[in-house]
Amino acid sequence: MKLKNKNLGAYLAFICKVNSLQISNEVRNKILNHIDKLDTIILVVLNTYILILSFLSKIIFFKPLRDVKDSQIALLRKLLFVFYFFIKKIDQIIFVIANLHIYGDEELKEIPLSSYKNNDLNHFKFIVIGSGPAGSVTASELAKIYGNKVLIIEKGDYYEIPKSKHPGEEFSKKWYRGGINSTYFKEMIAYSSGSCFGGGSEINSGLYHRPDAEFLKEWQGEYSTIELDQKSIDEFSLKVENLINIEEDIDERFSNIFVEGAKIGKEKYSNLNKFYDSNTKTKNSMSETLLKDFLKNDGNVALNTDVKKIWYEDSQWKIKSRQGDKLKYFSCDYLFLCCGSIFTNKLLLKSAISKEKKKIISSFTFHPMIKMIGTYKEDLQDLNDDVNSYQNMNFWPNFIIGNASSSIQFLTSSFQESIHIKKFIEVHWKKMKVFHATFSVGFGKIISLPFIKEPVLFYFIKNSDKKIIQNASLKLFNFIKNTGANFIIPITEKNSEIIETNKEDNQCLLETTKKFQISSVHVLGGVTMGENENCVSNSFGKINNYKNLYVNDSSLINTKLLKNPQGTIMMIAYRNISNFLQSL
Ligand SMILES: Cc1cc2nc3c(=O)[nH]c(=O)nc-3n(C[C@H](O)[C@H](O)[C@H](O)COP(=O)(O)OP(=O)(O)OC[C@H]3O[C@@H](n4cnc5c(N)ncnc54)[C@H](O)[C@@H]3O)c2cc1C
């Protein structure tokens, strides 16, 4: 272990001790590896902080940080009180990561891809960048006809799917930057996406919605998109629906109280289909389904290959990528960008494609969500249970209510500062469930900063939309109360409270809640698809004014969707690639 890591290791041990967390050496190394994956800005702040602590330790105690006592680390921390805000954030990040590995210790094995036979070949007829749901549809449809003439380039690696919900290694190996990301201004929204073979489908809950007629009508109205009515797209939704099923063995204890709560409030609810195989009782992620077909059809894959730039030269698309510490170049006749919103946008911006539409391409939207924890009289969960597929649809199109990961590490992660809530959770976590209310509000901007390779994101929510969120929090609270919860904990930025539901002032307490923590797992938009002057691509994802360049992923969704997007993203991808294949 490097010197820097020894000091960081000492600080990690200190944070664990303060929070009564036990770590073995093995887990400690996993946590340090995880920290290494974080966002450059976070890493710079963290390393600077450890350096300052180490420096102070040497001049005050004449010893490096790794050799001083915990009480001495606590004193050094106090000396840096002017940086309280940053120290709090750093401590919280370390605490969250430590929790993820301590309570989710399942190991994830890498799956070797023996079919990567064309490692030395650089030219392919078709290249698809990104292997998430959209890239998997695109590449698997191409490979049905063109087999080994197709290459997928994927930044992440190929790992098995864990049996437990979100173990620590899943975050460090499959999530973009270890799963710890935030927008910086004006709202600090924690967001996440997948970065591995199969993209987001490998880590998500796989909840499915078929795109509805109103959403399609709105999209056509906004962008004059042709052939996007319900009738034209039904055949593609049916293709997606080959992969979905109702999960029959979902936790009945929680399903029953969810349904009961909706019935008491006379609210509409539904049990969603999931990307799930009811025979094998496993998740139908892309690596288990379409990517397997792709490999069977002789498709090629370049893993751990991060595309940096694309350009058109000599009637071919050229691709500059980084494989580990080596640069690698590819070329192709037809190029499909399926890196997911933000990353496809970033690649277009970096490559100066459609420069005149830069303002549109640098935008995106989230489905921001707020969360509350319901506490019940009886046990409702075991460690690392999956999320439940029931959703309360009563308030759609304003917001949707559903269940989020509720295992102890996800419950405590927001309360590093609130000792009394953390203690309460440690005792009662088996009786707790997290609920979310998800919205489709605000807009984001991608900013490029010098020396920072990854996109830096800003997010804005109008005051009127903030009011919608605040009002919705009352509805969420009442719904959780109707499910029979005797305590509710809103997950807020600070001063969180445990609210007793049978006390008369419970609503007043909620109304004084200043600011909810906001997070998002749905990232959409940036490449407008249609026929009017605001469109970056035509009605089928072909980038205007560029030969043989296509976008076919979540960045094409620029109309308010709100529902879980994977089904819609895949349906559009099937539609567009089918149009492409017919036009060849
Ligand atoms: C925790 C979580 C839970 C979710 N739950 C649900 C759910 O229940 N239902 C639902 O419908 N949706 C859910 N989603 C959202 C859903 O997973 C995404 O909307 C979907 O995966 C987006 O598909 P995509 O193909 O556009 O992009 P992605 O799935 O993000 O795939 C893009 C791929 O491209 C790769 N890539 C990016 N840039 C480059 C580059 N420069 N070079 C090479 N490769 C690159 C990435 O590594 C990634 O693997 C969830 C998401 C998360 C994170």
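1. The protein chain is divided into domain 1 (6-103) and domain 2 (123-245 + 280-355 + 528-583), with bounds that come from an automatic or database domain assignment. This is a predicted model, in which local features need pLDDT of at least 70 and side-chain atom pairs count only at pLDDT 80 or more, while totals for chains, interfaces and linings use all residues. Residues are numbered from 1 along each chain as its sequence is written.

2. The C-alpha centres of domain 1 and domain 2 lie 37 Å apart. Across the boundary, 10 residues of domain 1 are in contact with eight residues of domain 2, contact meaning C-beta atoms, placed from the backbone, within 7 Å. Helix H2 (25-36) and H5 each supply at least two residues of the domain 1 side; helices (H or I, at least four residues) and strands (E, at least two) are DSSP runs, numbered from the N terminus. That side of domain 1 has four nonpolar, three polar and three charged residues. Here Ala, Val, Leu, Ile, Met, Phe, Trp, Tyr, Cys and Pro count as nonpolar, Asp, Glu, Lys and Arg as charged, and the others, Gly among them, as polar.

3. The axes of helix H3 (residues 40-61) and helix H5 (residues 84-103) come within 11 Å and cross at roughly 105°. The axes are lines fitted to C-alpha atoms over the stretch in contact, with angles from 0 to 180 degrees between N-to-C directions. H3 and H5 are therefore roughly perpendicular to each other, the class for angles of 65 to 115 degrees. Ile42, Val45, Leu46 and Tyr49 in H3 meet Phe86, Ile87, Ile90 and Ile93 in H5. The residues of this contact comprise eight nonpolar, no polar and no charged.

4. The ligand is surrounded by 40 residues, the closest being Gly130, Gly132, Gly199, Gly200 and Gly340; a residue is near a molecule if its C-beta atom, placed from the backbone, lies within 6 Å of it. Two or more shell residues come from each of helix H6 (133-146), strand E11 (305-313), helix H12 (343-350) and helix H18 (566-583). By class, the shell has 15 nonpolar, 21 polar and four charged residues.

5. E11 pairs with strand E12 (residues 316-323) in the antiparallel sense over eight bridges, where pairing requires at least two DSSP bridges. Glu313 has Gln316 in E12 as its bridge partner. Two residues lie between the strands of this hairpin, and Asp314 takes a positive phi near 50°.

6. An open sheet of five strands shows mixed pairing in the order E3-E20-E19-E14-E24. Strand E3 (185-186) and strand E24 (523-524) stand at the edges, each with a single partner strand, so one side of each is left without a neighbour in the sheet. Strand E14 (residues 363-366) and E24 run antiparallel, joined by two bridges, and Thr365 has Leu524 in E24 as its bridge partner.

How values were computed
Parallel < 35°, antiparallel > 145°, perpendicular 65-115°, else oblique. Contact = placed C-beta atoms within 7 Å.
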